[in-house]
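Biologist: Before we discuss the labels, please put the model up. I would like to know what stands behind each term.

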Amino acid sequence: MSTTTLKPSVELDELGKFFTIAARRIDAGQTAPQMFSAAVDSAWHALLADPAAHEAFTLRHAGSKLTHVEMTGSGPISWVAAYEEAYGPLPEIWFTNVDGTVNTEALTQYRETGTVTAEWDCGPNPGPGDGDDLAPASSYL
């Protein structure tokens, strides 16, 4: 697979936006954002199957290499405001499981309060030579 043969999808569009937000946070000395969407993370895992395509995708959207790291946690997702400033409200895909089921409770909470509280098990980390001393935080609590 190459980046030219990746099938466009909402999940990949959102992954690109997530990488852009991640790069901005890392460049500002903030912690990298946690990946809380199973649907978007599934697209990330599919992209990881082709290291060259993954590298090209992260370079295009983040301006540098980003790697996928395991981390677990739960709590408020603090990067939502940065996303909204750049792209508008989070779309439904962020609250969707791999099987396509929408977590309507979490989506409703977000739409009513503007906040997201979630669990995560991974996130981005700068690749070697790209500030890899900045690891994502395990929690924003």
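Modeller: Helices (H or I, at least four residues) and strands (E, at least two) are DSSP runs, numbered from the N terminus. On that basis the protein has five helices and two strands, in the order α-α-α-β-α-α-β along the sequence. This is a predicted model, in which local features need pLDDT of at least 70, side-chain atom pairs count only at pLDDT 80 or more, and totals for chains, interfaces and linings use all residues. Residues are numbered from 1 along each chain as its sequence is written, and side-chain values use heavy atoms, with hydrogens and water left out.

Biologist: What is the average pLDDT of the protein?

Modeller: The average is 86, and 85% of the residues score at least 70; pLDDT is the predictor's confidence in each residue, from 0 to 100. Over residues 129-141 pLDDT stays under 50. Where pLDDT is low, the predicted coordinates should not be read in detail.

Biologist: Why is Thr20 called buried?

Modeller: Buried means under 20% relative accessible area, exposed over 50%, and partly exposed in between (1.4 Å probe, protein chains only). Thr20 has a relative accessible area of 15%, so Thr20 is buried. This residue lies in helix α1 (residues 10-27). Leaving aside neighbours within four places in sequence, Thr20 is in contact (heavy atoms within 4.5 Å) with His61 and Tyr87.

Biologist: What makes Arg111 exposed?

Modeller: Arg111 has a relative accessible area of 58%, and therefore counts as exposed. Arg111 lies in helix α5 (residues 104-113).

Biologist: Why is α2 called oblique to α3?

Modeller: Axes are lines fitted to C-alpha atoms, for helices over the stretch in contact, and angles run from 0 to 180 degrees between N-to-C directions. Angles under 35 degrees count as roughly parallel, over 145 as roughly antiparallel, 65 to 115 as roughly perpendicular and the rest as oblique. Helix α2 (residues 38-48) and helix α3 (residues 51-62) pack at about 125°, with axes 7 Å apart. The pair is therefore oblique.

Biologist: Which residues meet there?

Modeller: Trp44, Leu47 and Leu48 of α2 meet Pro51, Ala53, His54 and Phe57 of α3. By class, this contact has six nonpolar, one polar and no charged residues. Here Ala, Val, Leu, Ile, Met, Phe, Trp, Tyr, Cys and Pro count as nonpolar, Asp, Glu, Lys and Arg as charged, and the others, Gly among them, as polar. The buried residues of α2 include Trp44 and Leu47, and the buried residues of this helix pack against α1, α3, β1 and β2 (117-126).

Biologist: How many aromatic pairs does the structure hold?

Modeller: There are 14. Rings of Phe, Tyr and Trp (its six-membered ring) pair if their centres lie within 6.5 Å; planes under 30 degrees apart count as stacked, over 60 as edge-to-face and the rest as tilted.

Biologist: What makes the pair of Trp79 and Trp94 edge-to-face?

Modeller: Their ring centres are 5.2 Å apart and their planes stand at 65°, so the pair is edge-to-face. Trp79 is in the loop between β1 (66-76) and α4 (80-87), and Trp94 in the loop between α4 and α5. Trp79 has 0% relative accessibility and so is buried; Trp94, at 1%, is therefore buried as well.
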